[in-house]
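I opened my notebook to look up a few things in this model. Here is what I wrote down as I went.

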Amino acid sequence: MKILGTGSAVPKHTVTNDMLSDYVNTNDEWISTRTGIKSRQIITDERFEEMAALAGQRALDAAGLVPDDIDFIICHNVCNVYVTPSLAALVQHILGLKGPNCPTMDINSACAGFTYGLDICESFLETGRASRILYICAEEVTRMVDWTQRETCVLFGDGAGALVLGKGDNYLASKLTSTPMPDVIYYRLPCEPTPFETGPGIDTHMPMQLKGREVFRMAVTSAQRDIKDVVAKAGLELGDIDYFLLHQANMRIVDAIKQNFDLPQERFLHNIERRGNTSSASIPILLDEKIREGVIKRGDLMVFNGFGAGFVTSAAVVRY
Ligand code: UT7
């Protein structure tokens, strides 16, 4: 697998920490010191699926390709208003792909999903079942939280990151894990009532619930383990890696992870201060921004690392 192009898109409305104190009992000082977040982008009048498609179009432009050069669209999304059709099918429609020989599907592995999806893309490319995949991670997490709960609503932002992937030898190693802990982070949508249901499932809706401290500890521990494991699996040393792109959940999590490694601090890239936590979109948005800024260059070795509800974790070593 090889990255042919990247793109990203975020909503136009930037919400600062001070603006949030109009809605919940919070302040810039608490949010900045506990999370590193200063602002985030939140969907107002945008259509979520159009934001995802825009990120995809930008990745196609960067790759010098047109939509009909793509023969598979895979989207990662935790939640949006359409349960069906898939986000990938909606993106196919918006981008004007003719079909029918471009299958579409969505996957969901929470905030660790970016690398889960990369692994699936690698499988389709390396077995020859696809030649160019448009892979988009798009999330509107701000619509999953309760906007009266200051513990969660201040953490998140919306956005989409996209990659065009082709055949190549640049996907050097990966590691995916899952440990059944369904109550550390969860969000339940309302479902339609039926005349037959008698169990507790009738009232299914629950805005996002998060055991923040537990997630924090598990994220730091798993990242330190997964990063070492995946770099060794690739036959490399930690010092060989040019850049580490970790899920942007909390700057203190990134800081705690990097303290464990005797490496130059600037190798751990971040944008959480401007973007908040955009779930599975956080790593591909960061990747696209750092490529466009000229920080990440062709040939650089990168480690991606994520964690999220499940509890799932993921890591990969990729050469740009
Ligand atoms: O992407 C995967 C999902 N992301 C995560 O799960 C994030 C991982 N966890 C974290 O990043 C941190 O645990 C948080 C940022 C969520 C919370 O930070 P913390 O240092 O663990 O704070 P805490 O939850 O222990 O709360 C400390 C205090 C509490 O007050 P008391 O009980 O000490 O009086 C909270 O009520 O901070 C209070 N607090 C707030 N105060 C002002 C919680 N949220 C806020 C807020 N503004 N927004």
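**Entry 1: strand β13.** I'm working with a predicted model. I began with β13 and asked how many of its residues are buried. The count came out as 8 of the 8, so β13 is largely enclosed by the rest of the structure. Then I checked which way the residues point. Leu301, Val303, Asn305 and Phe307 go one way from the strand, while Met302, Phe304, Gly306 and Gly308 go the other way. Both sets are buried.

**Entry 2: who pairs with β13?** I looked up the strands that pair with β13. With β11, the pairing is parallel and runs over 4 bridges. With β14, the pairing is antiparallel, over 8 bridges. Here I wrote down Asn305, whose bridge partner in β14 is Ala315. β13 and β14 also make a hairpin, with 1 residue between them.

**Entry 3: the nonpolar core.** Next I looked up the largest nonpolar core, which has 44 residues. Which of them touch the most other members? They are Ile227, Phe244 and Ile257. I also listed elements that each give this core at least two residues: α7 (212-233), β11 (243-246), α8 (251-259), β13 (301-308) and β14. The largest share is from α7, with 8 residues. Apart from this core there is another one, of 32 residues, and Met1, Phe114, Leu245 and Leu269 are among them.

**Entry 4: Phe244 up close.** I went back to Phe244 and wrote out what it touches, skipping residues up to four places away in sequence. My list has Ile227, Leu238, Leu263, Arg267, Phe268, Leu269 and Val303.

**Entry 5: cis peptide bonds.** I found one between Thr84 and Pro85, with omega about 5°. Pro85 sits in the loop between β4 (72-76) and α4 (87-95). Another cis bond joins Gly310 and Phe311, and its omega is about 15°.

**Entry 6: positive phi.** Ala110 isn't a glycine, yet its phi is positive, near 55°. I located Ala110 in the loop between β5 (104-107) and α5 (113-126). Is Ala110 buried or exposed? Its relative accessibility is 10%, so I put it down as buried. Ser279 also has a positive phi near 55°, and its loop runs between α9 (272-275) and α10 (282-292). At 4% relative accessibility, Ser279 counts as buried too.

Terms used:
Residues numbered from 1 in each chain as written. Predicted model: local features only at pLDDT ≥ 70, side-chain atom pairs only at ≥ 80, totals over all residues. Heavy atoms only, no water. Buried < 20%, exposed > 50% of the residue type's maximum accessible area, 1.4 Å probe, protein only. Core = buried A, V, L, I, M, F, W, Y, C linked by side-chain atoms within 4.5 Å. Contact = heavy atoms within 4.5 Å. Pairing = 2+ DSSP bridges.
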